[in-house]
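Please read the numbered points alongside the sequence and the coordinates.

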Amino acid sequence: MALALHRTRSMRGERGYTLIEMMMVVGLIAVVGAMVIPITDTSLRGGRLRGDAAIIRNLVSVAKMRASSRFTRARVYADLGARTYVLQVWSKASPTCCWVNDGGLNQLSTGVNFGFGGLQMPPVNTQVNIGQSPLCTTGLNILDGTTANTACVTFNSRGLPVDGDGALFGGHALYVTGNDAVFATTITTTPLIRFWSSPHTTTYSWTLR
């Protein structure tokens, strides 16, 4: 009798979960997953945007240093359509030489583009009107030609920001945007390189980073 009772209790303890209990667990997992996945995806997109913007800011700083250390012009060349950017240095091998890539070509992350969303105003004390840096020249001045749908932040041999003709220029900026924010790297004639961010759904809400 005692043996039979022991076997009955053992069978009850080993029967495991019922179908209803398993369905409840699966349902709970689905609810939690539905809440977590969008948050994670948003965080990843925001992280990619901030990462790309930080790389551009650092590359602009490197371009300034390259220009000073090599006594030539250097620039960050952004192809707005292809969503790529690269550091370039003017080669002084001959008077009619060229811009040469200094390092590899960088590609913006998925969901990140050059642009400033719906913003209508630039960060304070940076530009008169919001916009990317001037078109990239194919040579050392605008008369040599420019490349459409590009933007270049260019420094002269003293590390000062200049336009396509080599004149001092304090309106440089590179803007990148994602789903809900815009990041900007701006350069004044000082030259001061600054890093900004703003939601892209507001007219003016820039924060200096």
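**Notes on the predicted model**

1. Cys-98 has a relative accessibility of 34% and therefore counts as partly exposed; in these notes buried means under 20% relative accessible area, exposed over 50%, and partly exposed in between, with a 1.4 Å probe and protein chains only. Cys-97, at 22% relative accessibility, is likewise classed as partly exposed. The sulfur of Cys-98 has its closest cysteine sulfur in Cys-97, 3.2 Å away, which is too far for a bond.

2. Residues are numbered from 1 along each chain as its sequence is written, and side-chain values use heavy atoms, with hydrogens and water left out.

3. The mean pLDDT (the predictor's confidence in each residue, from 0 to 100) of the protein chain is 85, and 78% of its residues reach 70 or more. Where pLDDT is low, the predicted coordinates should not be read in detail.

4. How many disulfides does the structure hold? There is one, a disulfide being a pair of cysteine sulfur atoms within 2.5 Å. It joins Cys-136 to Cys-152, with 2.0 Å from S to S. The pair links distant parts of the chain, 16 residues apart: Cys-136 belongs to strand β6 (residues 136-137) and Cys-152 to strand β8. Helices (H or I, at least four residues) and strands (E, at least two) are DSSP runs, numbered from the N terminus. The link of Cys-136 and Cys-152 is right-handed, with 100° about the S-S bond.

5. Cys-152 counts as buried because its relative accessibility is 2%.

6. Strand β8 covers residues 150-155, and six of its six residues are buried. Both of its faces are covered: Thr-150, Cys-152 and Thr-154 lie on one side, and Ala-151, Val-153 and Phe-155 on the other.

7. Which strands pair with β8? Strand β1 (residues 74-79) pairs with β8 in the antiparallel sense over six bridges; two strands pair if DSSP finds at least two bridges between them. Strand β9 (residues 161-162) also pairs with β8 in the antiparallel sense, over two bridges. Thr-154 of β8 is the bridge partner of Arg-75, and Thr-154 also stands opposite Val-162 in β9. The hairpin of β8 and β9 has five residues between the strands, and Gly-159 there takes a positive phi near 80°.

8. The structure holds two salt bridges, each a side-chain nitrogen of Lys or Arg within 4 Å of a carboxyl oxygen of Asp or Glu. In one of them Asp-102 meets Arg-66, the closest N and O atoms being 2.8 Å apart. Asp-102 lies in the loop between β3 (99-101) and β4 (106-107) and Arg-66 in helix α2 (residues 19-70), so this pair ties together parts that are 36 residues apart in sequence. Arg-66 is partly exposed, with a relative accessible area of 27%.

9. A salt bridge also connects the side chains of Arg-70 and Asp-102, at 3.1 Å from N to O. Since Arg-70 lies in helix α2 and Asp-102 in the loop between β3 and β4, the pair ties together parts that are 32 residues apart in sequence. Arg-70 is partly exposed, with a relative accessible area of 41%. Through shared partners, salt bridges join Arg-66, Arg-70 and Asp-102 into one network.

10. Asp-102 is also among the residues that Gln-88 touches, as are Arg-75, Tyr-77 and Trp-99, not counting residues up to four places away in sequence. Gln-88 is found in strand β2 (residues 84-90) and counts as buried, at 8% relative accessibility. Its side chain makes a polar contact of 2.9 Å with that of Asn-101. A polar contact is a pair of N or O atoms within 3.5 Å; within protein, one must be able to donate a hydrogen and the other to accept it, and residues adjacent in sequence count only if both atoms are side-chain atoms.

Methods: Contact = heavy atoms within 4.5 Å.
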